[in-house]
Amino acid sequence: MLGVFSSGVVAPPDELVAAGSRTPSPKTTAEALVNRFVSSSSPAVSVRISSDAHFAYSHIKESPLFPRSFGVKDEIFCIFEGMLDNLGSLRQQYGLSKTANEVMLVIEAYKALRDRAPYPPSHVVGHLSGSFAFVVFDKSTSTLFVASDQYGKVPLYWGITADGYVAFADDAELLKGSCGKSLASFPLGCFYSTTLGGLKCYENPKNKVTAIPAPDEEIWGATFKVEGAVFAATHY
């Protein structure tokens, strides 16, 4: 799965900018990244929401344990990979039908977070039990919300392209070709929100998330860790 967003939606994280500056390496534009994904993952679905946001996904090489899904409702777009263990109870909690899948559940959870302020994001994401990674884009507000489970069973990475777009994907090699060293594994048990304070840990909301420069020989430019957490971010 792939989500690409301009600086008009999300400011490139300083830690990833610095990582790319320390060790300059080849990059490509966001458009080239999307085109590479589509051509290498055929058949693929590509959804250009605006000049600021683009999603793409494919079922090629998809794990039966971690299926990929895409959905949109009320101008809220979501791409989801994985499976929720408590989907049944969450359907009841959010008043959804028995046929609602994970991607529609996440959209409803995001709407609750957006419309019922002050509804803590750690409460919303913390109720999701299972293996997952997802990216939500709210076109009506140009808001981005990204999260990963606390065990990292579904890989998620983020990086910065040559033209300053922030990209999220489940394939590190795909991003490496376009983001160079401005690349990192998304930290486990965390969410990133453009309206709710940036990168935070939903399992330990009071714990700061910091970026540690990675050695030159690693594919990453930085490693994000949650201070004091028992599940430090690792790469899968």
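In this predicted model, six strands build an open sheet in the order E4-E5-E6-E7-E11-E12, and their pairing is antiparallel. At the edges of this sheet stand strand E4 (68–73) and strand E12 (198–201), each of which has a single partner strand, so one side of each is left without a neighbour in the sheet. From one strand to the next, the twist averages 15 degrees. In general, the strands of a sheet pair through backbone hydrogen bonds, either parallel or antiparallel.

In the loop between E5 and helix H3 (87–93) you will find asparagine 86. Is this asparagine 86 buried or exposed? With a relative accessibility of 17%, asparagine 86 counts as buried, because the limit for that word is under 20% relative accessible area. The side chain of asparagine 86 reaches the backbone oxygen of histidine 127 at 2.7 Å, and, if residues up to four places away in sequence are not counted, asparagine 86 touches His127, Leu128 and Ser129. The loop between H4 and helix H5 (121–126) holds proline 120, which at 39% relative accessibility counts as partly exposed. Although proline 120 and proline 205 are 85 residues apart along the chain, their C-alpha atoms are separated by 9.7 Å.

Another open sheet has 6 strands in the order E2-E3-E1-E9-E8-E10, again with antiparallel pairing. Here E2 and E10 stand at the edges, each with a single partner strand, so one side of each lacks a neighbour in the sheet. The twist in this sheet averages 15 degrees from one strand to the next. Its strands E2 and E3 pair in the antiparallel sense over 6 bridges, and arginine 48 stands opposite histidine 54 in E3.

Two helices lie across this sheet, and they can be read side by side. Helix H2 (30–40) lies across E1, E2, E3 and E9, running at about 165 degrees to E1, while helix H6 (residues 172–179) lies across E1, E8, E9 and E10 and runs at about 10 degrees to E8. As background, an α-helix has 3.6 residues a turn, so residues three or four places apart point the same way. In H2, the buried residues are Ala30, Leu33, Val34 and Phe37; they cover an arc of only 95 degrees around the axis, which puts them on the same side of H2. These buried residues of H2 pack against E1, strand E2 (44–50), strand E3 (53–58), E9 and H6, whereas the face of H2 turned away from its buried side carries the exposed residues Glu31, Ser39 and Ser40.

For H6, the buried residues are Ala172, Leu174, Leu175, Ser178 and Cys179, and because they cover an arc of only 155 degrees around the axis, they lie on the same side of H6. What covers them includes strand E1 (2–5), H2, strand E8 (157–160), strand E9 (166–169) and strand E10 (183–185). The N-terminal end of H6 is capped by aspartate 171, which has a side-chain oxygen 3.0 Å from the backbone nitrogen of glutamate 173. After H6 comes glycine 180, whose phi is positive, near 60 degrees.

It remains to ask where nonpolar residues gather. In soluble globular proteins, nonpolar side chains tend to be buried together. The largest nonpolar core has 33 residues, of which Phe5, Phe55, Trp158, Phe168 and Phe186 touch the most other members. Apart from it lies another core, of 25 residues, among them Leu84, Ala112, Phe145 and Tyr202.

Finally, strand E13 (residues 209–213) and strand E14 pair in the antiparallel sense over 5 bridges, with alanine 211 having phenylalanine 224 in E14 as its bridge partner. Of the 5 residues of strand E14 (residues 222–226), 4 are buried, so E14 is largely enclosed by the rest of the structure.

Note on methods. Residues are numbered from 1 along each chain as its sequence is written. This is a predicted model: local features need pLDDT of at least 70, side-chain atom pairs count only at pLDDT 80 or more; totals for chains, interfaces and linings use all residues. Side-chain values use heavy atoms; hydrogens and water are left out. Buried means under 20% relative accessible area, exposed over 50%, partly exposed in between (1.4 Å probe, protein chains only). Two strands pair if DSSP finds at least two bridges between them. Axes are lines fitted to C-alpha atoms, for helices over the stretch in contact, and angles run from 0 to 180 degrees between N-to-C directions. The arc is that of the directions from the helix axis to the C-beta atoms. Contact means heavy atoms within 4.5 Å. A polar contact is a pair of N or O atoms within 3.5 Å; within protein, one must be able to donate a hydrogen and the other to accept it, and residues adjacent in sequence count only if both atoms are side-chain atoms. A nonpolar core is a set of buried Ala, Val, Leu, Ile, Met, Phe, Trp, Tyr and Cys residues joined through side-chain atoms within 4.5 Å.
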